[in-house]
Amino acid sequence: MDERQIPVVQTAGLTKIFKDFWRRNRVAAVNDLNIEVRRGEVFGLLGPNGSGKSTTIKMLLGLLYPTRGRIAIFGHPPTDVAVKSRIGFLPEDSYLYRYLNARETLDLYGRLFKLPAKHRDDRIEKLLDMVGLSTEGKRRVGEYSKGMARRIGLAQALINDPEFLILDEPTAGMDPIGMRQIKNVIRELADRGKTILLSSHLLADVEDVCDRVCILYGGQQRAEGPINELLRQDDRTQITTERLSDSTIERVRRVIRETENKDVIQVAPPADRLEAVFMRTVEQAQAANIVTAGAKSGGDLPDFIGTEEPTDLIGTLVSAADREVHKVTIEQVHASKPKPEEESRKKLIASLTDEKPPASLSTQSTPQPAIDETPRTKPVADQAVIDSLLKQEKDDSVG
Amino acid sequence: MRIAVIFVAVLLILVVGLPYSLRHEDSVSSAVQTYLSLALRLVGFLLALLTVFLSRSVSDEIANRQILMLMAKPLPRWQFVLGKFCGIVLINMSLLAVSGVGIYAGASLLAKMTPRDELDASRLQEEVLTARHSIELRPPDFTARATEVYQERVDGGGYANVVDHDPEVEKERMSREIETRWRTVLPMQVRTFEFENVRCERSPDKTLQIKYKPTVYRYPPDEILRCLWVAGNPDKNTPVYYIDRRDMITRYHTFSVPTDAVAADHSLRIEFVNQNPYKGEPQYANTVTFLPDEPMQVLFTVGTFGGNLFRLLSLVACRLIVLTAFAIFMTCLFSYPVACLISFTFLAMATMAGYLEDAVFYFDQEGAAGVFRTVTAYVYRVAFLVVPRFSHYDGTDVLVDGRNVTLRWVLQGVGVLVMLYTTAIMAFACIMFQRREVSEASV
């Protein structure tokens, strides 16, 4: 069977029952879970505390053994050691060796992947740059704050340029800059063709980065599907524009009432998300060169990630282009969100495709039919009004 | 790694402090012996403790969850277990090497002290800081003589009135009787003993030692036995040495003889003269016996003290390797305090295997009655299937006595303790660790 056809993760009737000292069943942490993570997607595992997210992840990695059911990672059982060289794992907390410094820590994990020394040093430098700890690389990680340890955790998860990343609550303990960065990294990794499974109960994070989610409760799967399908309110339409005068609003109300016979539910200036305000403030502080002992804002995702596998180039190209189109639809709804990754992605695709415009690629054969089939056009009210508003808004976002 | 630093500090105290405190012993040779005995036991004990403490590295990684990240990497679990094992063995071996050098230095330092007298000086060189091979005196084969005596008795009609007798049993009994007579020396009688295969360098300047324990039938008033030893065989052209002794009875005694008393064919003739009653002293006419389980020995140098110490430490290393394997095995399965307790029990049982086996054997024979006895004996038997007998591989007493820790013994230690026990324990450890879940239940 073609390697590309095999799902990255597939579970069938996965069940984990924890027993007590007397071998009596105590609690079913995971109950009959069937998930499938397809190649190239960002899959979110959601659920309240104790819903079985971490247990599932530990079973996928062979750290816990299922009571019942089966797991296939790239078509292999999780106990297969070879499969692990294709996986990067960030646990819910970074459990590092306190007496090693950051560089030694990354070197240790690099060695476990049998990376040659020169390669390893190169990657370590780039990863430390990425997580913004290159100046702190000589300090023992035991002295690091939780967030900094987390950054090292992320760096070690990427040291082997994994095809498949498992992130257990990746933004836990991070400051908002770190959260933003992690989310950017996740998106960018996805664009480079990586498959990502992340668990979280911070729904804002998941909403920003995931393609597909599965919601767990009490170890059972309660909902599953592409995120835009789950989130879309098919009976509403949102319009965002530059500030309008009261008279214009009145006219819009009238147009809508006359043509559609519907009322406008809410007209208000959109509230900025706190995250955006925070990011702006910190960026201003950094521009003013204010000294900090903490983590600096990191650089870009290292160039070795996802680029050293020529066989995956087409996949990267197709899935990245595919997501490009997909993203535009979302933009129409959430126009107020900051999107710093837009530019870099566009550049990446341009460099890979040369002549073809990205949109045309999405109609060709893609490995993710499910994403392709999702409807991209939204129900429209007055096409003329919305078109004119959209044009204005697009000009803004480019500027 | 602070624990290793502390260990080295203790070692320093041992090497420098202990010789200093032993300077006031009555003789240099016994001071060196006390030092060696104490230092070797202390190093062995400390390293065993250290091994068990260091083995917590495995359970710590599980408790601190670093294992989660490690086992998510392409690292087979058996490699993890083996790696931990090798790490501890490496630390042990380096510390053992350092201790070895330290003990050697300490002993050399002590040996430089002014000896009490000439005897003390020669004893130190010939009986302590050396490696001597020992040969036990074996009785000659008396079967032919027994057959002869039996035949004489049959011919003389000695069995005329005995209805039914087994000739073999009869000969066996006679053989024993002749042997007993050979072991026993009557007052003013002389007995010749012959040692074979005494392969030592023959020289008037080197000495060999004869070790013996005389038993008497009646305690003399001063508990002193007067005897004369004659070493050498003029028939084989060796010089003859006369050693006049006054020995405390029922104790081991040693005297030295120049090695040229040994004949060219490696035989050594020793004559024992029972001088009691000694002229002019109030003494019983006492009969002397050398009992079969306290055989006379000849001891002669076959190696150097340094080589002997090295072989002894190799045996210590073998024991530590088994202990490391067991401690790793336990911490692969249990949390630290539990694993620690089991490992120490293992260590205690292995070290006292000799005493314990004897005790259980005795208990089984005549101890408490019934089920309890059977169960206890059974439990111990099963336990000793798993627990190696460290006491069989402890050469400290041998080294302190200046006797040779043989290469054969060391190889036996390597074979049994390392090849057999360690391999088996590590295999179990790897299998069990593979089966265990490295993350605890958390929902």
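Predicted model: local features only at pLDDT ≥ 70, side-chain atom pairs only at ≥ 80, totals over all residues.
Let's start with A:Ile239, which is partly exposed, because 18 other C-beta atoms lie within 10 Å. You'll find A:Ile239 in the loop between α7 (227-231) and α8 (246-260) of chain A.

Now let's step back to the rest of chain A. How many helices and strands are there in chain A? There are 14 helices and ten strands. Chain A has 399 residues, and 36% of them count as buried. If we take the contacts in chain A between residues at least 6 apart in sequence, 76% of those join residues at least 24 apart.

Here is a pair of helices in chain A. As a bit of background, two packed helices are described by the angle between their axes and the distance between the axes. For α2(A) and helix α3 (residues 117-130) of chain A, that angle is about 130°, and the axes are 10 Å apart. So α2(A) is oblique to α3(A). The crossing of α2(A) past α3(A) is right-handed. Who makes the contact? From α2(A) come A:Ala102, A:Arg103, A:Leu106, A:Asp107 and A:Gly110, and from α3(A) come A:Arg120, A:Arg123, A:Ile124, A:Leu127 and A:Leu128. Sorted by class, this contact between α2(A) and α3(A) has five nonpolar, one polar and four charged residues.

Next, where chain A meets chain B. Chain A puts 24 residues into the contact, and chain B puts in 17 residues. On the chain A side, the elements giving two or more residues are β2 (25-33), α1 (53-60), β6 (87-90) and α2 (102-112). Which element gives the largest share of that side? That is α1(A), with three residues. By class, the chain A side of the contact has 17 nonpolar, five polar and two charged residues.

Over to chain B. The domain assignment gives domain 1 (2-114 + 305-435) and domain 2 (143-301). The C-alpha centres of domain 1 and domain 2 of chain B are 42 Å apart.

Chain B has a helix pair for us too. Helix α9 (residues 305-333) and helix α10 (residues 336-351) of chain B cross at roughly 150°, and their axes come within 8 Å. The pair α9(B) and α10(B) is therefore roughly antiparallel, and the crossing is right-handed. In this packing, B:Leu323, B:Phe326, B:Ala327, B:Met330 and B:Thr331 of α9(B) meet B:Tyr336, B:Ala339, B:Ile342, B:Ser343, B:Phe346 and B:Leu347 of α10(B). The residues of the α9(B) and α10(B) contact are nine nonpolar, two polar and no charged.

Last stop: the backbone. Most residues other than glycine have a negative phi. B:Met188 is not a glycine, yet has a positive phi of about 65°. B:Met188 sits in the loop between β2 (184-185) and β3 (190-195) of chain B. Is B:Met188 buried or exposed? B:Met188 is exposed, because 11 other C-beta atoms lie within 10 Å. B:His266, also not a glycine, has a positive phi of about 65°. The place to look for B:His266 is the loop between β8 (253-258) and β9 (268-274) of chain B. With 13 other C-beta atoms within 10 Å, B:His266 is partly exposed.

Note on methods
Residues numbered from 1 in each chain as written. Chains lettered and ligands numbered in written order. Contact = placed C-beta atoms within 7 Å. Helix = DSSP H or I, 4+ residues; strand = E, 2+ residues; numbered from the N terminus. Nonpolar A, V, L, I, M, F, W, Y, C, P; charged D, E, K, R; others polar. Buried ≥ 20, exposed ≤ 12 C-beta atoms within 10 Å, placed from the backbone. Domains from an automatic or database assignment. Axes fitted to C-alpha atoms, helices over the stretch in contact; angles between N-to-C directions. Parallel < 35°, antiparallel > 145°, perpendicular 65-115°, else oblique. Left-handed = near helix turned anticlockwise from the far one by under 90°.
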